[in-house]
Amino acid sequence: MSSQDTAPPEPEISHDDDLFKPGHRACAGCGPALAMRYITEATGENTIISHATGCMEVVSSPYPESSWDVSWIHDVFANAPGVASGVEAAYRAFDEKEGFEEFEDHDDVNFVAIGGDGATFDIGMRSLSGMMERGHDVLYIAYDNEGYMNTGIQRSSSTPFGASTTTSPAGSESFGNDTQKKNMPAIAADHGCEYVATASIAYPTDFKRKIEKALEHDGAKYIQVSAPCMLGWDFDSAETVNVAKLAVQTGMQPLFEIVDGELSDVMSLSDRKPVEEYLETQGRFAHLFSKEGGDEVIEEIQEHIDEQAEELGLDR
Amino acid sequence: MGEQTMLKGDRAVAHSVLSAQPDVVSAYPITPQTGIVEKLSEMDANGDLRGQFLKVDSEFNAASSCIGASGAGARVFSATSSQGLKLMSEPLFTASGMRLPLVLAVANRSLSGPLSIWNDHTDAFAERDGGMIQFFAEDVQEAVDNILMAYRVAEDPEISLPALANLDGYILTHVKEPVEVPTEEETAEYLPKRDPHATLDPKDPKTMGAFARPEHWTETRFAVHDALLRSKETIGDAVEEFADQFGRDYGLEWGGLLETYGPEDAEIALLGLGSIVGTMRDVADDHPASVKVVKPRVIRPYPEEALREALAGVESVGVLTKEVSPGHQGTLAAELKSALYGSGHNPAIHSSVLGLAGRDVTKGDISDIIDEIVDATTAGPSTGVISEEDWPQLKRDMLPDEVTH
Ligand SMILES: Cc1ncc(C[n+]2csc(CCOP(=O)(O)OP(=O)(O)O)c2C)c(N)n1
Ligand code: SF4
């Protein structure tokens, strides 16, 4: 073989136009990092992002480097929606006052706030509630990796029933987390958000379409994107998209939209898979398969999914 | 020059804020600050406040939205007190690190518990190390004027820091005094439009509030420290130009950082913050001993050199302070000691913690403190020994036995 044959091929993918650049410090196979890319692809460059503390913030902004090629601000864990409210209000004020001609028009800017499930479901709930209630023209995107990953895989109120985390460990007396995932989309819809949706990184076209659709609405809107964490969920880093897909196909992660308070466009399943197929892919559920009584917990999880599927009309 | 009108302190402050035409006001009610927010709401309802008024869910998000708006380049305002300031504390500490100018009126009030809505300086001192400029006002006029000076300094691109304009809850917020409120035109002349050095502009993307590792964090903190130190000069300029335009002098002689009152060569000095100073002036006038009053206008930046100079000739200093750092002492006295250490001048320092949570400080209280200082001084020349901390208003008989035995 000549040396020419072994030379590495020219890279075919250029990242010049990426607004969320590679080189960030996320784990290989990080689901949320994919979400960040899809978000920026859908929102484009006329975007200002307010970001909560968490994995995606930490891995993307190690000073003096930054993965962000859009305007981006991080303040603290609990206040991304509050900060976004202020940014949006500032642009509204600039539009209505004289002497701010150098600023973009409010209508032309996409105001986006991003937080993990912890930032969204738990500590930042008040901030998000206020932002939604006041109807700020902000799209809030929760990337849902079902735990506090940045601080070392603790449970959040998005962690599924039966998952082992460092603060809900499986033990001789425990099957892991003993609460059901908080229903954030319903909470967002009840706030009067015109547009609410769930999405998955396994279905990027659907996710990006939902972002674009959300941005057409004035006022607050909420999207929750299922984004597996290979480290926290304990699966091989090559399996991220497969795990995310199984979450959808088992009904563990239903995909739907709520427009003007009405459930619409549920991604229905013709052949919903049993939840075991999903659970067995991840170390966080391993105890359910090895421990006596684990099968009953799996049954409970399945029942919960079935109830949800019934409510959503998930099965075709 | 504007006309004098009788106005309640909270209303007067709101007028001052209105004259600066902030782009975003975001606030949450808490006694005794509420009147400021209510008045601004009314101004907004009547179309006089041309910015956005955010009726937020909490002080936490009042501060957060001010941070976002300031990041976008807006002039912002909020007001709070006590627990509200505590709830703002987490985001406020980041505002200095992010070098975002904010102006907050703080109607000073004690912190729970037990719950008390009345005045002291516990809330302001609890934010002492947050990298914020902290002004204190003696009367309503100064509270009004400090708002404008706070904007001047906070928004100076060389400084770019949050600023708290403190005014004593009730004592200043709920009292009617004759004040001159600046008009929008006057303020526009004094306070230029904000020229933000870093903004969230989609055309020129920036990352704000990045994650800094140990190799960079120290420098961020130093930059805040350095800006606060440099802000002394900016405050001096702001006070000087304010005097030129509005005719009111706030310690020009001391670079605008403090004011002194009484005989220059007095043997005794009284040091205090805020509204208590008015009473201190009265008592100093009446007291047979030679007493001067020293009133810091800011606690951050700390006016160390000005204090050393203002206290140069005195034998004793009575520090009257409405806060305490439990387990240590009144912070105002502790900091004064640190300012004098190494200066070669060691006046005796009598620190009195008083006026906590609205306990009235009377002329009699202050006169007694001077008498005590006189007695200690005549007992012998100052040995440079710092006297013990005293709580002159403490009613020991109300304490349970196990505390006092
Ligand atoms: C007030 C406060 N409490 C706790 C923390 C510590 N903390 C930082 S990130 C984080 C968890 C973030 O979880 P999530 O929002 O789900 O995002 P993820 O890390 O999973 O991406 C926690 C607990 C903090 N920064 N601030
Ligand atoms: S811990 Fe999880 S969420 Fe965090 S970077 Fe790694 S894979 Fe992504």
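Gly313(A), which comes just after α13(A), adopts a positive phi of about 65°. The model is predicted.

Buried positions in α13(A) are Gly294(A), Val297(A), Ile298(A), Ile301(A), Gln302(A), Ile305(A), Ala309(A) and Leu312(A). They lie on the same side of α13(A), because they cover an arc of only 140° around the axis. An α-helix has 3.6 residues a turn, so residues three or four places apart point the same way. The other side of α13(A) carries the exposed residues Glu296(A), Glu307(A), Glu310(A) and Glu311(A). The packing partners of the buried residues, all in chain A, are listed below.

| Element of chain A | Residues |
|---|---|
| β6 | 174-175 |
| β10 | 262-264 |
| α11 | 276-279 |
| α12 | 286-290 |

Chain B is assigned domain 1 (4-194 + 208-246) and domain 2 (258-397). The centres of these two domains of chain B, taken over C-alpha atoms, are separated by 27 Å. Their contact involves 28 residues from domain 1 of chain B and 26 residues from domain 2 of chain B. Between the two domains of chain B about 2100 Å² is buried, with carbon and sulfur atoms giving 56%. On the side of domain 1 of chain B, Phe125(B), Arg128(B) and Glu138(B) lose the most area to domain 2 of chain B, together 31% of what that side buries.

Seven salt bridges are found across the interface of domain 1 and domain 2 of chain B. Arg128(B) also forms a side-chain salt bridge with Glu335(B), at 3.0 Å from N to O.

Key
Residues numbered from 1 in each chain as written. Chains lettered and ligands numbered in written order. Predicted model: local features only at pLDDT ≥ 70, side-chain atom pairs only at ≥ 80, totals over all residues. Heavy atoms only, no water. Buried < 20%, exposed > 50% of the residue type's maximum accessible area, 1.4 Å probe, protein only. Helix = DSSP H or I, 4+ residues; strand = E, 2+ residues; numbered from the N terminus. Arc of directions from axis to C-beta. Contact = heavy atoms within 4.5 Å. Domains from an automatic or database assignment. Buried area = accessible area lost by both parts, 1.4 Å probe. Salt bridge = Lys/Arg side-chain N within 4 Å of Asp/Glu carboxyl O.
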